[in-house]
Amino acid sequence: MLEVEEFPELDVKINVIVAWHQRTFEECDFFMQLQKWDEELKEIKDYNVETDDFMLELADLFIVASGMRRFNREVSQAMFKYIIKNYKPFFIKLPEFIDKKMEINRSRTWEIKNGVYRHKIKKAFKRVLKGSTSERKVCRVGIYQKHTKERCKDFYK
């Protein structure tokens with residue numbers, strides 16, 4: 001149990017995420033998941049808490065903590081306690097963003113790189129990621145809001 005009585009729907013999401021994690025990341029182990037947690041903790045600090053990007057990063061933390069449940073329940077619970085302690089005010093919107101992030105993650109192709117699973121980035125996105133801050137923001141919108149040729153014509157020039 002997540003131990004957040006006000007948000008019982010999050011317990012259901014954990015079980016769904018664990019099943020997906022097991023199917024998707026067959027070679028993942030405790031240490032890979034711990035490394036992913038560390039990376040996500042660093043990433044979330046780069047976002048303004050008033051943005052959807054922040055909420056998607058918070059969803060990432062939740063997904064990683066859920067995945068850890070495969071390997072060590074106590075460590076997973078400690079991760080959830082960290083999320084609750086630091087981000088509980090955002091829990092009202094969190095289920096919606098977990099669903100969005102899981103939809104994105106399910107559509108991705110994954111590979112092990114530098115010791116952890118990472119999604120493969122399409123060439124169009126790689127080109128934009130090297131650009132200015134505004135280009136990166138456009139890229140994030142493309143990634144997080146169902147990137148299409150129509151919406152992001154510039155990616156395909």
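Helix axes are lines fitted to C-alpha atoms over the stretch in contact, and angles between them run from 0 to 180 degrees between N-to-C directions. Two packed helices are described by the angle between their axes and the distance between the axes. In this predicted model, helices α2 and α4 form such a pair. Helix α2 spans residues 30-44 and helix α4 spans residues 73-87. Their packing angle is about 10°, and the axes lie 12 Å apart. Angles under 35 degrees count as roughly parallel, so α2 and α4 are roughly parallel to each other. On the α2 side, the contact is made by Phe30, Leu34, Trp37, Leu41 and Ile44. On the α4 side, Val75, Met79, Tyr82, Ile83 and Tyr87 take part. The contact residues comprise ten nonpolar, no polar and no charged.

The overall layout is as follows. The protein chain contains seven helices and two strands. From the N terminus, the order of elements is α-α-α-α-α-β-β-α-α. Of the 157 residues in the protein chain, 44% are buried. Among contacts with a separation of 6 or more, 68% join residues 24 or more positions apart.

The mean pLDDT of the protein chain is 82, and 73% of its residues reach 70 or more. Residues 130-138 have a pLDDT below 50. Where pLDDT is low, the predicted coordinates should not be read in detail.

Charged pairs were examined next. Side chains of opposite charge can pair when their charged atoms come close. A search of the whole structure returned six salt bridges. One of the salt bridges joins the side chains of lysine 13 and aspartate 99, with an N to O distance of 2.7 Å. Lysine 13 belongs to helix α1 (residues 9-24) and aspartate 99 to helix α5 (residues 94-107), so this pair ties together parts that are 86 residues apart in sequence. Aspartate 99 counts as partly exposed, at 40% relative accessibility.

The side chains of lysine 36 and glutamate 39 meet at 4.0 Å, N to O. Both residues lie in helix α2, three residues apart, which is about one turn of the helix. Lysine 36 and glutamate 39 are both buried. A salt bridge also links the side chains of aspartate 38 and lysine 42, at 3.1 Å from N to O. Aspartate 38 and lysine 42 lie four residues apart in helix α2, again about one turn of the helix. Aspartate 38 is partly exposed, with 36% relative accessibility. Lysine 42 is exposed, at 54% relative accessibility. Salt bridges with shared partners join Lys36, Glu39 and Arg118 into one network.

Helix α4 was then examined around one of its serines. Serine 76 lies in helix α4. Its relative accessibility is 0%, and serine 76 therefore counts as buried. Leaving aside residues up to four places away in sequence, serine 76 touches Ala65, Met68 and Arg69. Arginine 69 sits in the loop between α3 (52-68) and α4. With a relative accessible area of 12%, arginine 69 is buried. Arginine 69 and methionine 79 are ten residues apart along the chain, and their C-alpha atoms are separated by 9.8 Å. Methionine 79 is one of the α4 residues in the contact with α2.

The loop between the strands shows a backbone feature. Asparagine 114 lies in the loop between β1 (110-113) and β2 (116-119). The phi angle of asparagine 114 is near 55°, a positive value in a residue other than glycine. At 63% relative accessibility, asparagine 114 is exposed.

Notes: Residues are numbered from 1 along each chain as its sequence is written. This is a predicted model: local features need pLDDT of at least 70, side-chain atom pairs count only at pLDDT 80 or more; totals for chains, interfaces and linings use all residues. Side-chain values use heavy atoms; hydrogens and water are left out. Angles under 35 degrees count as roughly parallel, over 145 as roughly antiparallel, 65 to 115 as roughly perpendicular and the rest as oblique. Contact means heavy atoms within 4.5 Å. Ala, Val, Leu, Ile, Met, Phe, Trp, Tyr, Cys and Pro count as nonpolar, Asp, Glu, Lys and Arg as charged, and the others, Gly among them, as polar. Buried means under 20% relative accessible area, exposed over 50%, partly exposed in between (1.4 Å probe, protein chains only). pLDDT is the predictor's confidence in each residue, from 0 to 100.
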